[in-house]
Amino acid sequence: MPKMKTNRGAAKRVRRTGRGKLRRMRAYKSHILTKKTRKRKRRLRSATLVSGADERRLRRLLPNS
């Protein structure tokens, strides 16, 4: 059986933590930043865990990581 390929698009967006959970960056921080408050932009800088509903799908896309 051939090796499973990693989905490269998903691999660039998601990293695995030390305990095996998936981390992602938050959305809405790419443009039109002038109208967003400082507090909101600061919160968007931090990474967060992938939701449980999406985690199963992403694990299939990232079999080797």
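Colleague: What share of the accessible surface of the protein belongs to carbon and sulfur atoms?

Modeller: This is a predicted model, in which local features need pLDDT of at least 70 and side-chain atom pairs count only at pLDDT 80 or more, while totals for chains, interfaces and linings use all residues. Residues are numbered from 1 along each chain as its sequence is written, and side-chain values use heavy atoms, with hydrogens and water left out. The accessible surface of the protein comes to about 6,000 Å², by the Shrake-Rupley method with a 1.4 Å probe, where for residues only the protein chains shown count as cover. Carbon and sulfur atoms hold a share of 51%.

Colleague: In which order do the elements of the protein run from the N terminus on?

Modeller: The secondary structure comprises three helices and three strands. These are DSSP runs numbered from the N terminus, with at least four residues (H or I) for a helix and at least two (E) for a strand. From the N terminus on, the order is α-β-β-α-β-α.

Colleague: Which residue in strand 2 stands opposite arginine 16?

Modeller: Strand 1 and strand 2 form a hairpin with five residues between them, and glycine 20 in the turn has a positive phi of about 95 degrees. On strand 2, the residue opposite arginine 16 is leucine 22.

Colleague: Which residues make up the largest nonpolar core?

Modeller: Of the 65 residues, 17% count as buried, meaning under 20% relative accessible area, against over 50% for exposed and partly exposed in between (1.4 Å probe, protein chains only). A nonpolar core is a set of buried Ala, Val, Leu, Ile, Met, Phe, Trp, Tyr and Cys residues joined through side-chain atoms within 4.5 Å. Leucine 22 has contacts (heavy atoms within 4.5 Å) beyond its neighbours within four places in sequence, including Val14, Val50, Leu58 and Leu62. The six residues of the core are Ala10, Val14, Leu22, Val50, Leu58 and Leu62.

Colleague: How far apart in space are arginine 8 and leucine 61, C-alpha to C-alpha?

Modeller: Arginine 8 belongs to helix 1 (residues 8–13) and counts as exposed at 53% relative accessibility. In sequence, arginine 8 and leucine 61 are 53 residues apart, but in space their C-alpha atoms are separated by 8.6 Å.

Colleague: What is the phi of tyrosine 28?

Modeller: Most residues other than glycine have a negative phi. Tyrosine 28 lies in the loop between strand 2 and helix 2 (38–45) and is exposed at 64% relative accessibility. Although tyrosine 28 is not a glycine, its phi is positive, at about 70 degrees.

Methods: Pairing = 2+ DSSP bridges.
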